[in-house]
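Let's take a friendly walk through a protein model, one part at a time. Keep the picture open as you read.

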Amino acid sequence: MASSGVRNGGPRMSAKLDRQGAGATPKAAAGKQRLSSAAGAYRRTNSGPLPAAGGRASSGGVSSRVRVAVRLRPRNAEELAADADFGDCVELQPELKRLKLRKNNWESETYEFDEVLTEFSSQKRVYEVVAKPVVESVMEGYNGTVMAYGQTGTGKTFTLGRLGEEDTAARGIMVRAMEDILADIAPETDSVSVSYLQLYMEMIQDLLDPVNDNIAIVEDPRTGDVSLPGATVVEVRDQKSFVDLLRVGEAHRVAANTKLNTESSRSHAILMVNVRRSVKGRSEMDVSISGENGHSLSMMGSLRPPIIRKSKLVVVDLAGSERIDKSGSEGHTLEEAKSINLSLSALGKCINALAENSPHVPVRDSKLTRLLKDSFGGTARTSLVVTIGPSPRHRGETTSTIMFGQRAMKVENMVKLKEEFDYKSLCRRLDIELDKLIAENERQRKYFDDEVERMRAEAQCRIAEAERECKITLENEKMKYHQEYLDSIKVLEEKWKTHQKSPKRQIKEAESTSSDIREAHNLLQDEKMLRQSAEDEASDLMNQITHWKKLEATATAEVVKLRKMLDTEASQKEKLEEEIGVLRSQLLQMSMEADETRRSLDKGDGPGKIFPGLDSLASQTGSSQPREHSNGPKQPIAKLSEQVGLQKILSLLESEEPDVRVHAVKVVANLAAEEANQEKIVEAGGLTSLLVLLRSSEDETIRRVAAGAIANLAMNETNQDLIMAQGGVTLLSMTASDAEDPQTLRMVAGAIANLCGNDKLQTRLRGEGGIKALLGMVRCGHPDVLAQVARGIANFAKCESRAATQGNKVGKSLLIDDGALPWIVKNANNEAAPIRRHIELALCHLAQHEVNSKDIISEGALWELVRISRDCSREDIRMLAYRTLTSSPTLQAEMRRLGIKM
Ligand code: ADP
Ligand code: MG
């Protein structure tokens, strides 16, 4: 019952914790840490995600319990001899990780450890179980501690410090740890250095430099980290140099102990291995970023300080744990004995305090506990091997060793990654980069200077070349001009020479002159002959003159006779002039009267009577019916014309005096208004005179009055023929195109309109440009003119319609041919009634013939016809339009197509 009991706070519990804790190896924790670092967190922390089991997380790191293994030394020769009859005081159950400590033959206690190493355990296994996880942890950047605790002679040094030179299998933890470390580091970026110390009587001695025998512990006030700046630090590059160091250190230890008159077992040996590693992953990342994304990132990357991990492995071979209560047994005083054990007992107290979670841990009580501050209750991963011997004689020591181990198993550390920015190396790297840039800058400047120098030389070379070329060209030009100069001199000289030779030429000239003289002589001879013949002719002529003189005498008599006749004529002329004077005054009076009358009467709008004022003189003379003048009493002008003679009046139209012409034309116009006179006027050549006057006069009044007279004459059918025959249409057309006065145009338009009403003259009128002239006059825009144009068109259309009906005309209307339709359509709804009515009639006439229908439709006249048939205020025209529309199949069809209903 008792044998299966457990002590000291439940070792089973500890074992369970340990198994769970196996999951939280520093490796795993470090792996997580790496992940969080890779994610860009530069903070050095262990607060990343943690495994659920195996430890508590805190901002300080990952909880990691001190691991404790127990190692049993095999019986040594002495024990084999002395204790042969006794059994071991301990019984190991390595598979259960248990140790049974026999109290006596019938009682035992069972303890569980993290590892139970039997007397047969190899050094290799011991290393792997006890130290290897710690070493790996150190390589990953955590501090680590491997410590051996136990009674002197139980194998602490055997376990830790064997060099194994004669037998590699015997190599202890220190050698194997260094082997693993050296195998893992990258020599170009990482470094390993070692200090080897001994602590004895609270003094720290440098085993690598024994003169240094009181090294001070320095504590960083900020972090609390302890360091030994006075200790020798030797960088280790290979295993052999390390082993040599250990050997040197051991030798010094022995020497020191001899000097101090003590044994190695009374001192603590401390090996400190400092591992400094740069974090490769991150620097590699920087390289890849700069490689891919260019210079700027590269610079950013290069400005990031590299991260280094500075971890420390401390291997402590403690002094023997046995009590030295037998004061003086080894020649020490009690004080010395106390001092010797001070550090160890302080360690025990600290571990107790930590195991019991005591608020106070007396770390500062000894140098050992100060040095091991990080190993117990600190940030290091700590592995403790407690060594025991099998001998029952040392049961007490063994028991206390086991109890120490049990308590140590309760100590929790918070392992923490020892990672920091390596500003020094960044600074070094930047220095190097700066040096490189300076060098590059200097190189470039030199290149630039060289280039400038080269360009300067080249430029000078080119300038020299250009100057040379310029000189040559100049020289050539100079020579060329000089040559030209010489040539021209030569030419001048030749010319001069030629001039020098002139006497010869004069001779030549004289020769040519003599030949000329000969020629002249010949000519003179010819001349003489000619003169002779001319003289002959002259005498001949003289004879003729005599004959003529005789004839002249006869003629003179004749002349006298004629002169008499002339005188008679002159007197007659005088008489006539008197008559003309009288006539002129009469004419003046008449024209004044005529003007007066015209002003006083309104404009008559009879069909074709354009100039009614002049024919109404009768009203002034008492006639109440001016239109019936033919039946009325003779008018003064008619009387006058009878008295003076129409011929004379007409001759006055050509008078050189403008006034006379004006009065004459007015008189003629007045006469022309009388139907009875019209024929006489025309017969007497008055029409021609009027037409000529119309064309040639510059006086607007004359033109207007003449045009009016012609218009009146054009009313008569006989006269119409005569007007046509005398080229009147052409003359009227010309006036139509250049006259500007609306009244003149009105008269001209009226005359043409009258001609338009003559069936027989249609083709000729059109042929001589009558219709075009008519249409041309619409430019004037005066309603009177437009009314006459409309009348003319209506007349023309009516005649055409009549001719077509009688079968005298085939083909399209000449009006349409001459382009009258657009104007007709445009003015079909003119607001002036006379214009509108004429056009409406004209449209109806045109539409009556199928041959015109196409144009009527295309020009949009159909709409006007429809309008007329619906809206025309004059019923006759309205009916005419209606009949026209209903009788034309083409227009009917178009109306159906357009959906126009009648
Ligand atoms: P300690 O350092 O604890 O005082 P040592 O390591 O000096 O003890 O060991 C004492 C003796 O016991 C040495 O002679 C050593 O060779 C021997 N020894 C210790 N442990 C073992 C072991 N596991 N196997 C064989 N011999 C051992
Ligand atoms: Mg020893």
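Two strands count as paired if DSSP finds at least two bridges between them. Please keep in mind that this is a predicted model. With that rule in hand, look at β4 (90–93) and β5 (98–102): they pair in the antiparallel sense over four bridges. For one of the residue pairs, find Q93, whose bridge partner in β5 is R98. In general, strands of a sheet pair through backbone hydrogen bonds, either parallel or antiparallel.

These two strands belong to an open sheet of three strands, in the order β4-β5-β6, with antiparallel pairing. Which strands sit at the edges? They are β4 and β6 (108–112), each pairing on one side only. Leaving direction aside, neighbouring strands of this sheet are turned by 20° against each other on average. Helix α12 (residues 395–408) packs on the sheet and touches β4, β5 and β6. The direction of α12 makes about 145° with that of β5.

## Another strand pair

Now move to strand β2 (residues 61–65). Is this strand mostly covered or uncovered? It is mostly covered, as five of its five residues are buried. Strand β2 is joined to strand β17 (residues 412–415) by four bridges, and the two run antiparallel. Within this pairing, S63 stands opposite M414 in β17.

Next, look for helix α32 (residues 861–871) and helix α34 (residues 889–898). Their axes are 11 Å apart, and the helices pack at an angle of about 90°. Angles of 65 to 115 degrees count as roughly perpendicular, so α32 is roughly perpendicular to α34.

Which residues make the contact? From α32 come L862, W863, L865 and V866, while α34 brings L891, E894, M895 and L898. Sorted by class, the contact of α32 with α34 has seven nonpolar residues, one charged residue and no polar ones.

## Two residues with positive phi

Finally, here are two backbone details. K97 has a phi near 55°, a positive value in a residue other than glycine. K97 lies in the loop between β4 and β5, and its relative accessible area of 27% makes it partly exposed.

N357 also is not a glycine, and has a positive phi of about 55°. You will find N357 in the loop between α10 (334–355) and α11 (367–371). Why does N357 count as exposed? Because its relative accessibility is 71%, and exposed means over 50%.

How values were computed. Residues numbered from 1 in each chain as written. Chains lettered and ligands numbered in written order. Predicted model: local features only at pLDDT ≥ 70, side-chain atom pairs only at ≥ 80, totals over all residues. Heavy atoms only, no water. Axes fitted to C-alpha atoms, helices over the stretch in contact; angles between N-to-C directions. Parallel < 35°, antiparallel > 145°, perpendicular 65-115°, else oblique. Contact = heavy atoms within 4.5 Å. Nonpolar A, V, L, I, M, F, W, Y, C, P; charged D, E, K, R; others polar. Buried < 20%, exposed > 50% of the residue type's maximum accessible area, 1.4 Å probe, protein only.
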